[in-house]
Amino acid sequence: MANEKNQQTLSALTGSLQGIETFYVVNYQGLTAGQLSELRKSIREKGGQLIVAKNTLINLALQEGGRDFGDALKGPSALVLAQEDPAGVAKALSDAAKGNDKGIPAIKGGFVEGNKVDVKVVERLASLGSKQSLQAELVGVLSAHLSNFVGVLEAYREKLEGESA
């Protein structure tokens, strides 16, 4: 019979993965306790969660969801779940890796919006910025175009009024 603690961990992992469309597999070995705590905090601020567990348990939990990451689960691994802002969580991981000379946490792979992706896609996603900043940029672009459109309509109205007078 399997170890009861492992069964509980597997059950908790499986529960945490319910409804999650985006997660990253990372190597965290080499981080101090303080750095790991800081990483957890920055991920939590972006609406994510860092889960450290045995590779076998992570693999079993992922396979229950039909996702195979056996190739990425070599060496110490952790799952980083991105519930709200996948780009923001990826950026938090990237910033933490740039913040130390070892480049840790190192991303091993990911699952973004239902698709398995490689490290390059996750790095590209991290360079995008947060969801809120992208939305703010879109609103800024749209408002500039609407403002120009209103200016054109206003000029056309004045032209029509000048012709009728």
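This is a predicted model: local features need pLDDT of at least 70, side-chain atom pairs count only at pLDDT 80 or more; totals for chains, interfaces and linings use all residues.
1. Local features are taken at pLDDT of at least 70 and side-chain atom pairs at pLDDT 80 or more, whereas totals for chains, interfaces and linings use all residues. Residues are numbered from 1 along each chain as its sequence is written, and side-chain values rest on heavy atoms, with hydrogens and water left out.

2. The protein chain has a mean pLDDT (the predictor's confidence in each residue, from 0 to 100) of 84, with 96% of its residues at 70 or more. Confidence is lowest in H5, with a mean of 82, and highest in H2, at 90; helices (H or I, at least four residues) and strands (E, at least two) are DSSP runs numbered from the N terminus.

3. In helix H5 (residues 119–128), Val122, Leu125 and Ala126 are the buried residues, buried meaning under 20% relative accessible area, exposed over 50% and partly exposed in between (1.4 Å probe, protein chains only). Seen down the axis of H5, these buried residues fall within an arc of 100°, so they line one face of the helix; the arc is that of the directions from the helix axis to the C-beta atoms. They pack against E1 (23–27), H4 (86–98), E4 (106–112) and E5 (115–117), while the face turned away from the buried side carries the exposed residues Lys120, Arg124 and Ser127.

4. The largest pocket holds about 240 Å³ of space. Its lining has 15 residues, of which Leu39, Ser42, Ala92, Asp95 and Ala96 are the closest to its centre. H2 and H4 each supply at least two lining residues, and the largest share, 5 residues, comes from H4.

5. Asn59, in helix H3 (residues 55–64), is buried, with a relative accessible area of 19%. Neighbours within four places in sequence aside, Asn59 is in contact (heavy atoms within 4.5 Å) with Asp68, Phe69, Gly70 and Leu73.

Key: On a 1 Å grid over the protein atoms alone, a cavity is a set of points where a 1.4 Å probe fits but cannot get out, and a pocket is an open set with protein on both sides within 12 Å along at least five of seven lines; lining residues have an atom within 4 Å of a point. Grid points are joined across faces, edges and corners, and a volume is the space filled by probe spheres set on the points.
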